[in-house]
Amino acid sequence: MLMPSIFGENLFDDFFTLERPQKQYEKEVSCDLMKTDIREYEGGFELDINLPGCKKEDIQAELKDGTLTITAVSNKNTEEAAGRYIRRERFAGSCSRKFYVGEEITREDIRARFENGVLKLLVPKKEAKKPEEEERKFISIEG
């Protein structure tokens, strides 16, 4: 049965929940976007990020100050067709996730592949650089 979108999937979805009430946009946007699996291997980490409906050209990966930022832009067709929508769940917009990978990781270290709506990233493990101990310089005291 088709219902106006103000009711969600079920008229009583929000009525019988013990969780904090969420705004409608929080439910729609946060449910399936960029779900991520992270596996640890001996030599590094593998991230599998779901990006259904996105094209390779719509995805950007940026590394800055040890933080890896993945951004996806979805440009769904917004042409008006005959008829009116009773419910629209597809959207046009962008979303992003950030992962701290460490200051010692460089852009060249990370490998990325996009296939079947899943972005796979391979991030190697690197030892954090230990701060160099300063040589202690004493001042001679006369007397």
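A: Let's start with a term: two residues are in contact when they have heavy atoms within 4.5 Å of each other. With that in hand, here's the chain as a whole, keeping in mind that this is a predicted model. Among contacts with a separation of 6 or more, 54% join residues 24 or more positions apart. The protein chain has 1 helix and 7 strands, and from the N terminus on the order is α-β-β-β-β-β-β-β. Of its 143 residues, 18% are buried. The accessible surface comes to about 12600 Å², and carbon and sulfur atoms account for 50% of that.

Now for the pocket you asked about. The second largest pocket holds about 160 Å³ of space. Its lining is made up of I38, F45, L47, F99, Y100, V101, E104, I105, V123, P124, K125 and K126. Sort those residues by type and you get 9 nonpolar, 3 charged and no polar ones. Three strands, β2 (44–50), β5 (93–100) and β7 (118–124), each put at least two residues into the lining.

In soluble globular proteins, nonpolar side chains tend to be buried together.

Take I49 as a way in. Leaving out residues up to four places away in sequence, I49 touches M34, K35, T36, I70, F99, G117, V118, L119 and L121.

Strand β4 has another residue to look at, T69. T69 counts as buried because its relative accessible area is 14%, and the cut-off for buried is under 20%. Beyond its neighbours within four places in sequence, T69 is in contact with Q60, A61, E62, S96, R97 and K98.

For a contrast, go to the loop between β2 and β3 (59–64), where you'll find K56. K56 counts as exposed because its relative accessibility is 61%, and exposed means over 50%. K56 and R113 are 57 residues apart in sequence, yet their C-alpha atoms are 9.0 Å apart in space.

Conventions: Residues are numbered from 1 along each chain as its sequence is written. This is a predicted model: local features need pLDDT of at least 70, side-chain atom pairs count only at pLDDT 80 or more; totals for chains, interfaces and linings use all residues. Side-chain values use heavy atoms; hydrogens and water are left out. Helices (H or I, at least four residues) and strands (E, at least two) are DSSP runs, numbered from the N terminus. Buried means under 20% relative accessible area, exposed over 50%, partly exposed in between (1.4 Å probe, protein chains only). Accessible areas come from the Shrake-Rupley method with a 1.4 Å probe; for residues, only the protein chains shown count as cover. On a 1 Å grid over the protein atoms alone, a cavity is a set of points where a 1.4 Å probe fits but cannot get out, and a pocket is an open set with protein on both sides within 12 Å along at least five of seven lines; lining residues have an atom within 4 Å of a point. Grid points are joined across faces, edges and corners, and a volume is the space filled by probe spheres set on the points. Ala, Val, Leu, Ile, Met, Phe, Trp, Tyr, Cys and Pro count as nonpolar, Asp, Glu, Lys and Arg as charged, and the others, Gly among them, as polar.
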